[in-house]
Amino acid sequence: METLHDLLASRNVEPELHQMLLTLADCATEISALVRGGALAGVLGATESENVQGETQKKLDVIANDLIKRKLAAQPLVKALASEEEDHVVASHDSGRFLISFDPLDGSSNIDINSLVGTIFSVLPAQQGVVSEAAFMQPGENQLAACYMLYGPATVMALTTGQGTWMFTLDPTSDEFVLVNPAVKVPQQTAEFAINMSNQRFWQPAMQGYIEELLQGKAGTRGKDFNMRWIAAMVGDVHRVLSRGGIFAYPTDTKDPAKPFKLRLMYEANPMAFLVEQSGGLASTGYERIMAIQPDHIHQRVAVILGSRREVEHCLQHHG
Ligand code: AFP
């Protein structure tokens, strides 16, 4: 049985990053217990507040965010954090080496229906000096580590430090993350796609054309039938992609002209792109590699197309 700690030691992950990752895992272990408690833990339902994105916060969004903030405040390696649920960057320890951005509870709309939710973390290097939002404006390529924890029938974690992607399962008897896959590989070919089809009429012609091709199935140019899945939690959809392949897309749409993209670069797109690339897949906006984007705002949103290499390439052909 190889624990997270054993694995990080055996792969020579540098000691401070190793420590940092154990702290992130510890946050997830506690959130996992709260999620499992459901109504009995008093974590269901909404608050009366909205986050900076204008979304009503669920109780568990706030509880998970506060829990992570508290744990990170106690970790001297953290210089500052940026959360999907915080308006601004929160400064922590001056001498800290890491900047942590996170989505404390991804898939909020699933909480009250007892469906999949998760947590996503991205670790960036901190520079010396006073911390500000500008310090976080680093492309995803700079990430030192990225992980998600999925609170499903089992709590699992996918983690990368740039040496491939590792998958762990939380052992409920010891509260240890135990290695279950030392080299996650996304199958290159697939017949499964994930997209919110209710937005179809708002997409650009490129995505319309690509999905039309999939829907034609055997009779169309692709010559095979495709199946569709949509979990409404990126963590769940990306976990399926890492487990058995597929393509996941949240493309540009014109539903709300003030909000042409849904997913956040720093909290969702970059860490997931790092995990998918490290598993042999691709992650793009349709026009550029996600991890090459130079951010200009911590709450920036982007289009996301990621998954099995060949399938993403098919989709990109439609984007010209
Ligand atoms: P939250 O982070 O607010 O829970 O949103 C989840 C999410 O950003 C992403 O995880 C899902 O893929 C997507 O939203 C689902 O969006 P739809 O409302 O279009 O299903």
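Q: Which residue does Lys71 meet in a salt bridge?
A: This is a predicted model, where local features need pLDDT of at least 70, side-chain atom pairs count only at pLDDT 80 or more, and totals for chains, interfaces and linings use all residues. Residues are numbered from 1 along each chain as its sequence is written, and side-chain values use heavy atoms, with hydrogens and water left out. A salt bridge here is a side-chain nitrogen of Lys or Arg within 4 Å of a carboxyl oxygen of Asp or Glu. At 2.9 Å, N to O, the side chain that Lys71 meets is that of Asp26.

Q: How many residues apart are Lys71 and Asp26?
A: Helices are DSSP runs (H or I, at least four residues), strands likewise (E, at least two), numbered from the N terminus. Lys71 sits in helix 3 (residues 59-73) and Asp26 in helix 2 (residues 15-37). The pair links distant parts of the chain, with a separation of 45 residues.

Q: How far apart are the centres of domain 1 and domain 2?
A: The bounds come from an automatic or database domain assignment. Domain 1 covers 4-181 and domain 2 covers 192-319. Taken over C-alpha atoms, the centres are separated by 23 Å.

Q: What area is buried between domain 1 and domain 2?
A: Contact means heavy atoms within 4.5 Å, and 49 residues of domain 1 touch 31 residues of domain 2 in this way. Buried area is the accessible area (1.4 Å probe) that two parts lose on being put together, summed over both. Carbon and sulfur atoms give 62% of the total, which is about 3000 Å².

Q: Which residue forms a salt bridge with Glu84?
A: The rule finds 2 salt bridges across the interface of domain 1 and domain 2. In the salt bridge of Glu84, the closest N and O atoms are 3.2 Å apart. The partner is Arg264.
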